[in-house]
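Please examine the structure shown below together with its sequence. The report that follows describes selected local features in turn.

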Amino acid sequence: MSQYWSPAVRELTPYVPGEQPLEQVIKLNTNENPYPPAPGVSKALRNYATDHLRLYPDPTSYALRTALAESYGVSVAETFVGNGSDEVLAFAFQAFFCHDAPLDVPSITYSFYPVYANLYGVTLRKHPLNAQWEVDIDALASASERSGVIFANPNAPTGHAHSLETIEALLKRVTNRVVLIDEAYVDFGAESAVALVERYPNLLVTGTFSKSRSLAGLRLGYAIGSPELIDGLQRVKDSFNSYPVDSLASLIGIEALKDEEHFNACRNNVITTRERTRQRLEQLGFEVLPSKANFVLAQHPNVEGAQLFAGLRERGVLVRHFNTDALNNFLRITIGTDDEMDSLIEALEAICR
């Protein structure tokens, strides 16, 4: 550790992103979409006037937020955008969760939450998943005084998603602090809580263009919530970076939102391939957790997760292995194209033989 680091930096355990290999492999480790963005994105890139880059972008991202509002049936005042949903989440931690009371989270969920909590001095109160590997909504709702509630729905990396009815039951019980629902994977079969925003002013829903919109390389995320919550995010954003979303990203985001036909085709392809892959993994003896995301979490009763991970890596297939006590035997497998998943199954057949 450097003598120049502040005490807070010394104590940080940074988030570890999935490997981005330089060699040619079948990449099923970072939940990227296997299909390209909407055709309008390519056209927008070809026709973009580079002279625009000498000017600062609109600090309010009004055009993108208008397109987002139209897409989700909310007002512009209920929308916020940032450089990927991770940045939006970081702003939300600062805006809503920096209280003396603990923040309620599942014990297994998106691993960036504890990183932000440590960075901003937020105490986490972790609640174990239930016996079905589901986020325990009743435990989150029943906890004592809190700074807020946050979880991913569908959850990461387990893939389970709660119904809108279940989430509303939570909101009826937690009314005095922000409930943040992270919907990075919602478009692959789950119900969005955006429909509840009008009735629950303490609900904030975050999302990303990285997964179902095939724009992971662009870094574009959003939040939808009451104007009061959006104003809190804006205050943090304008105290950190007044121009977070560049003009090119805004243009591409708008084009991606326009093409619902392409959006639906891509996500339906992923869903179909996910279910086909689940069945084939189960035929090989794997336990596969039910998933509403663009990945599955699976373990084999006879082969350890680390051995499976290494064997796949040797065969040119990259998946995610979490070296934690709870998940050590599991692999998280991103859903790729049918050909990529066929290669995965062939490699697993050889390893598990």
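A residue is called buried under 20% relative accessible area, exposed over 50%, and partly exposed in between (1.4 Å probe, protein chains only). The model is predicted: local features need pLDDT of at least 70, side-chain atom pairs count only at pLDDT 80 or more, and totals for chains, interfaces and linings use all residues. Residues are numbered from 1 along each chain as its sequence is written, and side-chain values use heavy atoms, with hydrogens and water left out.

Helices (H or I, at least four residues) and strands (E, at least two) are DSSP runs, numbered from the N terminus. Strand β2 (residues 79–82) is covered on both faces. Thr79 and Val81 on one side are buried, as are Phe80 and Gly82 on the other. Two strands pair if DSSP finds at least two bridges between them. By this rule β2 pairs with β8 in the antiparallel sense, over 4 bridges, and valine 81 has tyrosine 222 of β8 as its bridge partner.

Between β5 (148–152) and α7 (164–173) lies proline 154, which a cis peptide bond joins to asparagine 153, with omega about 0°. Proline 157 lies in the loop between β5 and α7, and a cis peptide bond with omega about 5° joins alanine 156 to proline 157.

Tryptophan 133, in the loop between β4 (124–127) and α6 (137–142), has a positive phi near 65° although it is not glycine. Arginine 219, in the loop between β7 (203–208) and β8 (221–225), also has a positive phi near 65° and is not glycine.

A salt bridge is a side-chain nitrogen of Lys or Arg within 4 Å of a carboxyl oxygen of Asp or Glu. The structure holds 15 salt bridges, including those in the table.

| Arginine 173 | Aspartate 138 | 2.7 Å |

Arginine 280 in helix α10 and aspartate 342 in helix α12 (residues 338–352) link distant parts of the chain, 62 residues apart. Arginine 280 is partly exposed, at 24% relative accessibility. Salt bridges that share partners also join Arg274, Glu275, Arg278 and Glu282 into one network.

Of the other residues in the table, arginine 213 is buried, with a relative accessible area of 7%, whereas glutamate 260 is partly exposed at 33%.
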